[in-house]
Each structure stands twice: as structure tokens, then as C-alpha cells.
Amino acid sequence: MSKNRQYDNDFKVQAVKFAKEIGTEKAAKELNVPFNTLYGWVKKAKAGGLDIGLGERNPEDALNIAQENQQLKKKTNAMEKEIKRLNEMNEFLEDAAAFFAASRQKSGKSKD
């Protein structure tokens, strides 16, 4: 039966930094952490899922983040335009419904 050991975030961050310096396999042995566990943390840090501090990402990662940011801004702008269009359409439909309700009352016709 294997015992699952829990590691705090600070330990993970330091372990990833150590692995970058001496290699994942060596660091895993020295820290007495399973290689697959440390490898997972390194992979997570590269993907941005584990914050290991400023300056730890390479320029390619920064470019990817900037591109993703730009795409998200475009998507947000498009969604804001769609929301505005839908709100305008909703106001029009509310006005139309009020107009027809008023004209129905004036003509004395009511649906029973």
C-alpha cells in the first residue's frame, strides 16, 4: 500500500526551481520525491499552472500569453457588442409588446 504524501506549494516551487538547475531526475533523487511527481510539477509550471515567480518563464511563453490575451480581448469586445445588440432588441420587443397591448385595450378586443 502506497502512502500519498502531500507537498505544500512552496516546496513544489522550490523543487521545480531546483530541477531546472540540476535536472529533474537528480532533483527528484535528492529531494526524495518520485520522479513522475516532480516531472508533473515542472510540466505544470511550464504551462503556467504552477506560479514559480516572476522571470521564470521564457520569452516564448510570454509571447503565447500576450497572444492569448489579445484573443481574449477580441472575444470580450465581440461579446460586449452582442450583448448590446440583444439589449436593444429586447427593448424593441418590450416596446412592441406594450404598443400591441395598448392597441388591444383601445379597440376593446380581449382574448378570453
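Let's start in a loop: Asn 32 sits between α2 and α3, where helices are DSSP runs of H or I with at least four residues, numbered from the N terminus. The phi of Asn 32 is near 60°, a positive value in a residue other than glycine. Asn 32 is also exposed, with a relative accessible area of 61% (exposed means over 50%, buried under 20% and partly exposed in between, using a 1.4 Å probe and protein chains only).

A word on what you're looking at. This is a predicted model, in which local features need pLDDT of at least 70 and side-chain atom pairs count only at pLDDT 80 or more, while totals for chains, interfaces and linings use all residues. Residues are numbered from 1 along each chain as its sequence is written, and side-chain values use heavy atoms, with hydrogens and water left out.

Stepping back, the protein has four helices and zero strands. Of its 112 residues, 15% count as buried.

Now for the packing. Two packed helices are described by the angle between their axes and the distance between the axes. Here the axes are lines fitted to C-alpha atoms over the stretch in contact, and angles run from 0 to 180 degrees between N-to-C directions. Helix α1 (residues 9-22) packs against helix α2 (residues 24-31) at about 130°, with the axes 7 Å apart. That makes the pair oblique, the label for angles that are not under 35 degrees (roughly parallel), over 145 (roughly antiparallel) or 65 to 115 (roughly perpendicular). On the α1 side, Phe 11, Ala 15, Phe 18, Ala 19 and Ile 22 meet Thr 24, Lys 26, Ala 27, Glu 30 and Leu 31 of α2; contact means heavy atoms within 4.5 Å. Sorted by class, these residues are seven nonpolar, one polar and two charged.

What about α1 and α3? Their axes come within 9 Å and cross at roughly 90°, so α1 and α3 are roughly perpendicular to each other. Phe 11, Lys 12, Ala 15, Val 16 and Ala 19 of α1 make this contact with Leu 38, Trp 41, Val 42 and Ala 45 of α3.

Finally, the largest nonpolar core has 14 residues, and Val 16, Leu 38, Trp 41, Leu 50 and Ile 52 touch the most other members. Such a core is a set of buried Ala, Val, Leu, Ile, Met, Phe, Trp, Tyr and Cys residues joined through side-chain atoms within 4.5 Å. Helices α1, α2 and α3 (35-47) each give two or more residues to this core.

How values were computed
Ala, Val, Leu, Ile, Met, Phe, Trp, Tyr, Cys and Pro count as nonpolar, Asp, Glu, Lys and Arg as charged, and the others, Gly among them, as polar.
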